[in-house]
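Please keep the sequence and the coordinates at hand while reading.

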Amino acid sequence: MFYYMSHTFYRSIFDYYMESTYFNYDWENFFIHDIGLCEKNDRRGTKFDFMSDVCSAFMEKGINKRNAHYILSLKMTDEQIEKYFNSNYDTRHLFRIMIAHLMDLDREQIAQIEDKSHEPYSQALLVQFICGVSADKTAPILKMPVSQEDKLSQIRKLSGDEIYTLVSRSYSNGRRKTVRVKARRTPEDNFIDDDGNIYKNLLEFPLYTQFEY
């Protein structure tokens, strides 16, 4: 009876958290630089939606803010929920742990993210793992006797430059034309493709609703 009541209690906390402003804020903040609108430096000023590899990984799995709660409620056991919601995790750290489970990271990757001593690196670890980096690549860095800034820098370099997909849609003679471009982010927070074309980041929401996140 106590076992049932305990797990029911923590699952109710989990349900509350997943629908709370804490989760909503951290979700928005997680993608704040990953999706938006940019403009090509050409005569027409062609507009492109942009999306990061991380955001694309969520879309490929069919995961978005609206269904995250439902998907996680099926994935996570009562034991896992009690572990995370009975351990005084910071809400931002807790969010990253939830995303790790949501994205089906492996046991070693989740163990690194959930470790409280790794909280300063948990966001960087999460992004790298979603991009395909394995836990055995990050483990030696986490053990290095260097500053937090140096560790973060080395973790973020593991997957190389993140690639963004830029998409433009237009209509001509009753037919829709779609252009897709792969690009990298510049130090000025714009984008550049392999041909050297520059796309100015307009810091606006994307044009097309298929970039639902």
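The structure shown is a predicted model. Ring pairs join Phe-14, Tyr-17, Phe-23, Trp-27, Phe-30, Phe-31, Phe-58, Phe-85 and Phe-95 into a cluster. The count of aromatic pairs, with ring centres required to lie within 6.5 Å, comes to 17. With a relative accessible area of 46%, Phe-9 is partly exposed, whereas Tyr-10 has a relative accessibility of 12% and counts as buried. A ring also takes part in an arrangement with a charged side chain: Lys-116 lies over the face of Tyr-89, at 5.0 Å from the ring centre.

Attention now turns to Arg-11, which belongs to helix 1, spanning residues 2-18. Arg-11 is partly exposed, its relative accessible area being 21%; the value is to be read against the limit of under 20% for a buried residue. Leaving aside residues up to four places away in sequence, Arg-11 touches Ser-73, Met-76, Thr-77, Asp-78 and Ile-81. The C-alpha atom of Arg-11 is separated by 14 Å from that of Ile-71, a residue 60 places away along the chain.

Helix 3 comprises residues 53-60, and its buried residues are Val-54, Cys-55, Ser-56, Ala-57 and Phe-58. Phe-58 is also a member of the aromatic cluster. Which elements cover the buried residues of helix 3? The cover includes helix 2 (21-30), strand 1 (35-40), strand 2 (47-52), helix 6 and helix 8 (122-130). Just after helix 3, Gly-62 adopts a positive phi of about 70°.

Helix 6, residues 91-102, also packs with helix 5, residues 78-85; their axes are 11 Å apart and the angle is about 160°. Since angles over 145 degrees count as roughly antiparallel, helix 5 and helix 6 are described as roughly antiparallel to each other. Their crossing is right-handed. Helix 5 contributes Gln-80, Tyr-84 and Phe-85 to the contact, while helix 6 contributes Leu-94, Ile-97, Met-98 and His-101. Phe-85, one of these contact residues, belongs to the aromatic cluster as well.

Definitions and conventions:
Residues are numbered from 1 along each chain as its sequence is written. This is a predicted model: local features need pLDDT of at least 70, side-chain atom pairs count only at pLDDT 80 or more; totals for chains, interfaces and linings use all residues. Side-chain values use heavy atoms; hydrogens and water are left out. Rings of Phe, Tyr and Trp (its six-membered ring) pair if their centres lie within 6.5 Å; planes under 30 degrees apart count as stacked, over 60 as edge-to-face and the rest as tilted. Buried means under 20% relative accessible area, exposed over 50%, partly exposed in between (1.4 Å probe, protein chains only). A charge sits over a ring if NZ of Lys or CZ of Arg is within 6 Å of the ring centre and within 35 degrees of the ring normal. Axes are lines fitted to C-alpha atoms, for helices over the stretch in contact, and angles run from 0 to 180 degrees between N-to-C directions. Helices (H or I, at least four residues) and strands (E, at least two) are DSSP runs, numbered from the N terminus. Angles under 35 degrees count as roughly parallel, over 145 as roughly antiparallel, 65 to 115 as roughly perpendicular and the rest as oblique. A crossing is left-handed if the near helix is turned anticlockwise from the far one by less than a right angle, and right-handed if clockwise. Contact means heavy atoms within 4.5 Å.
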